[in-house]
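Thanks for making time this morning.

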Amino acid sequence: MSEPKKLVRVLTTAVPEGFEITIEADDGRVLRVMATAQQIEALARQFTKLADGEEQAGG
């Protein structure tokens, strides 16, 4: 597996199939993925849990 890259930009666009997510890394690479509304909701829940954990840890 490759080394993690720093996130530079995220763009989300609604499309008929759900959502297109474009992610740009600090090395200029761009990844485009399609996601359903359910996948976006699951991702949002995961980020919320992470953020809540950071707040409780004092971060």
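**Overall form**

A compact globule of 59 residues would have a radius of gyration near 10 Å, whereas the protein chain has 14 Å; the radius is taken over C-alpha atoms, and the globule rule is 2.2 Å times the number of residues to the power 0.38. Please keep in mind that this is a predicted model, in which local features need pLDDT of at least 70, side-chain atom pairs count only at pLDDT 80 or more, and totals for chains, interfaces and linings use all residues. Residues are numbered from 1 along each chain as its sequence is written, and side-chain values use heavy atoms, with hydrogens and water left out.

Along the principal axes, the C-alpha atoms fill a box of roughly 40 × 30 × 20 Å, and 10% of the 59 residues count as buried, meaning under 20% relative accessible area with a 1.4 Å probe, protein chains only.

Now to the strands. From the N terminus on, the elements run β-β-β-α, where helices (H or I, at least four residues) and strands (E, at least two) are DSSP runs numbered from the N terminus. Strand 1, residues 7-15, pairs with strand 2, residues 18-25, in the antiparallel sense over 8 bridges, pairing being defined as at least two DSSP bridges between two strands. These two strands form a hairpin with 2 residues between them, and A14 stands opposite F19 in strand 2.

Strand 2 also pairs with strand 3, residues 30-35, again antiparallel, over 6 bridges, with L31 in strand 3 as the bridge partner of I23. That hairpin has 4 residues between the strands, and G28 takes a positive phi near 90° there.

Conventions. Buried < 20%, exposed > 50% of the residue type's maximum accessible area, 1.4 Å probe, protein only.
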